[in-house]
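We will go stop by stop, and at each one you will hear what to pick and what to look for.

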Amino acid sequence: MRRILCMVATILIVGTSWSATPLKMGNPKPAATLPVLETGVGKMPDEWVDKDTHHRIIRLTRRSGNNKSFYFNNNPFVGSEMIFGGSKSRKAAWNWWNDNKKGPWRQMFAVDLNTLKIRQVTNEIYPVNTEIVCAATHELFFQRADSVFAVNTDNGKSRVVGVLPMKGAINCVNCNGTLLAGKIDAPQEDAISKTHPGKTSFNAIYEAKLKRTLFILDTKTGVTDTIFSDHAWLNHLQFSPTDPDFLMFCHEGPWQDVDRIWTMNVRSHEAPKLMHKRTMYREIAGHEWFGASGRYVYFDLQKPRSVKFYVGKVDIQNGTEQDTELPRSAWSVHYTTSWDEKFLVGDGGSPTSVAHSPEDQWIYKFTYDGDHFKTERLVNMKHHNYKMEPNVHLSPDDRWVIFRAEFGGHTDVYAVEL
């Protein structure tokens, strides 16, 4: 019954896609009346046409503060609205390296994708750092110290979900809003981060092989239950969009050294199942996500690292895998699938990213063509600082690619029309 409810919720979320009812996106002006501009040069208007791709782009977050959309695998859509994080002032800039540090800036907002009207969802006295939203229950979940809260995205009313009996952090919510999942990191990790500043801490934490534990939290009773432990860096938790008991997580670390992508049933406590086994030296697979149907897991795949590029797709039911190739010049840091799973989009990458390509600073669309993708450039991102990755999403009607960018020194959320 729980799975049926989640499937109904998924249909409601993506119903506009299946019924082909387009979102209004603020009733954008006719493209012929818009300025044709080089994207990212100077202060951009609210609407323009990219001179290199000829696609229309609109600003979704038309407010004075700096604004940031969700990480690529976190669903931000509730009905016709998109939830996003925003600063309280224009001067409060987003810093990719300290999103979780204290600051007066981050609260959660909603933008109506028909009217582009923006309203504030949270108004706490401390920063609200979360990307955990349940479309089925219209709730946003966040944590403050050991306490977990839920906020109704329609009316802003909040409730206490529970108090964690251990030092842990929630990471995601299941499709019907009944469970949160999170992880408990080893206390020694803080010391490692202090002695290995910046990116050097990544390898140091991986090599330490500290014990980590996954847990679930019942959103109605506040009861927690530990579900899996390992002396490995457990990370990137995601619930299935259709099965409320099915969780995906990763073994974090240098991708060429880990079999990364795992799934498990959180109720049965069965042993986790590996989704993709590496087959060659320095092969990597990562930045995994669920397709909207819940049947497939997708991921960035390189055989080997930095040489040949694919997007992998594994059928959860029978384990069969389909690897679709794309050129180095179109590799992206993150990809995501359309709601009908017929095409993909990607956010490109900087010349110093794993593809080491000076050509892939674009927002892309990828269309299946046998064993490879046809690629289309949507937005020229050469004037965007990829220290803040764009992290693409498809609007619920599959007609707009939503991304975040820093143009003219200001961070906002944009949408490019397909």
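In which sense do strand β11 and strand β12 pair, and over how many bridges? Select residues 147-152 and 158-163: these two strands pair in the antiparallel sense over five bridges. Before going on, note that this is a predicted model, in which local features need pLDDT of at least 70 and side-chain atom pairs count only at pLDDT 80 or more, while totals for chains, interfaces and linings use all residues. Residues are numbered from 1 along each chain as its sequence is written, and side-chain values use heavy atoms, with hydrogens and water left out.

Helices (H or I, at least four residues) and strands (E, at least two) are DSSP runs, numbered from the N terminus; two strands pair if DSSP finds at least two bridges between them. Stay with the hairpin that β11 and β12 form: five residues lie between the strands, and G156 in the turn has a positive phi of about 75 degrees. For a bridge pair, pick V151 and its partner in β12, S158.

Next, show helix α4, residues 200-208. Its buried residues (under 20% relative accessible area, 1.4 Å probe, protein chains only) are S201, A204, I205 and Y206.

Now move to the open sheet of four strands, ordered β17-β18-β19-β20 with antiparallel pairing. Its edge strands, β17 (234-239) and β20 (273-274), each pair on one side only. Between β18 (246-251) and β19 (261-265) there are five bridges, and C250 stands opposite I261.

The next stop is the largest nonpolar core, which has 35 residues; L60, M82 and F403 have the most contacts inside it. Such a core is a set of buried Ala, Val, Leu, Ile, Met, Phe, Trp, Tyr and Cys residues joined through side-chain atoms within 4.5 Å. β30 gives the largest share, six residues. Select M82 and its contacts (heavy atoms within 4.5 Å): beyond four places away in sequence, it touches residues including L60, F109, I402 and V413. Another core, of 17 residues, lies apart, with Y335, W362, Y364 and F373 among them.

Finish at R59 in strand β3. Is R59 buried or exposed? R59 is buried, because its relative accessible area is 9%. Its side chain makes a polar contact of 3.0 Å with that of Y414; the term means a pair of N or O atoms within 3.5 Å, where within protein one must be able to donate a hydrogen and the other to accept it, and residues adjacent in sequence count only if both atoms are side-chain atoms.

Note on methods:
Buried means under 20% relative accessible area, exposed over 50%, partly exposed in between (1.4 Å probe, protein chains only).
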